[in-house]
Amino acid sequence: MRMFYIVGVCLGLVACQETVVADKPVESCGAEEMSHLMGLQRAQLESIAFSQPHRILGPNDPATMDFRGDRVNFALDDSGAVVRIYCG
């Protein structure tokens, strides 16, 4: 009986611990500043020398799910035009 009391007290103390939630990663890739590239075709994007990591993703292209805050992603539509620019 005494053991149940001690376990109950320990669980109660653990429940009072403050939970730390990680902040959302800061987007530092500069995607907002590249909005002027919206609508460009894949060939035009490939001819640009970017200074940071980037990838060009078509609608059916495979992509890893890792998040990199310094990488710019260019999402293309079926015609090959940029429809979305985002960090990741």
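Val72, Phe74 and Leu76 point one way from strand S2, Asn73 and Ala75 point the other way, and all are buried. Here buried means under 20% relative accessible area, exposed means over 50%, and partly exposed lies in between, with a 1.4 Å probe and protein chains only. In a regular strand the side chains alternate between the two faces of the sheet. Because five of the five residues of S2 are buried, S2 is largely enclosed by the rest of the structure. The model is predicted, so that local features need pLDDT of at least 70 and side-chain atom pairs count only at pLDDT 80 or more, whereas totals for chains, interfaces and linings use all residues. Residues are numbered from 1 along each chain as its sequence is written, and side-chain values use heavy atoms, with hydrogens and water left out.

The protein chain holds two helices and three strands, in the pattern α-α-β-β-β along the sequence. Helices (H or I, at least four residues) and strands (E, at least two) are DSSP runs, numbered from the N terminus. Of the 88 residues of the protein chain, 28% count as buried. Among contacts in the protein chain with a separation of 6 or more, 39% come from residues 24 or more positions apart; contact means heavy atoms within 4.5 Å.

The three strands form an open sheet in the order S1-S2-S3, with mixed pairing. S1 and S3 stand at the edges with a single partner strand each, so one side of each is left without a neighbour in the sheet. On average, neighbouring strands of this sheet are turned by 15° against each other, direction ignored. For this angle, axes are lines fitted to C-alpha atoms, for helices over the stretch in contact, and angles run from 0 to 180 degrees between N-to-C directions. Two strands pair if DSSP finds at least two bridges between them. S1 and S2 run parallel and are joined by four bridges; Asn73 in S2 is the bridge partner of Arg55. The pairing of S2 with S3 (residues 82-87) is antiparallel, over five bridges, and here Arg84 in S3 is the bridge partner of Ala75. The hairpin of S2 and S3 has five residues between the strands, and Gly80 takes a positive phi near 90° in this hairpin.

Ala75, in strand S2, has a relative accessible area of 15% and is therefore buried. Leaving aside neighbours within four places in sequence, Ala75 is in contact with Leu57, Ala81, Val82, Val83, Arg84 and Tyr86. The C-alpha atoms of Ala75 and Arg42 are 9.8 Å apart in space, and the two residues are 33 residues apart in sequence. Arg84, the bridge partner of Ala75, lies over the face of Tyr86 at 3.9 Å from the ring centre. A charge sits over a ring if NZ of Lys or CZ of Arg is within 6 Å of the ring centre and within 35 degrees of the ring normal.

The structure holds one aromatic pair. Phe50 and Phe74 form this pair, which is tilted, with 5.3 Å centre to centre and 35° between the planes. Phe50 lies in the loop between helix H2 (42-46) and strand S1 (54-57) and Phe74 in strand S2 (residues 72-76), so that the pair links distant parts of the chain, 24 residues apart. Rings of Phe, Tyr and Trp (its six-membered ring) pair if their centres lie within 6.5 Å; planes under 30 degrees apart count as stacked, over 60 as edge-to-face and the rest as tilted.

Arg71 is placed in the loop between S1 and S2 and is buried, with a relative accessible area of 7%. Beyond its neighbours within four places in sequence, Arg71 is in contact with residues including Cys29, Pro53, His54, Arg55, Tyr86 and Cys87.

Glu46, in helix H2, counts as exposed at 52% relative accessibility. The C-alpha atoms of Glu46 and Ile56 are separated by 8.3 Å, with the residues 10 apart along the chain.
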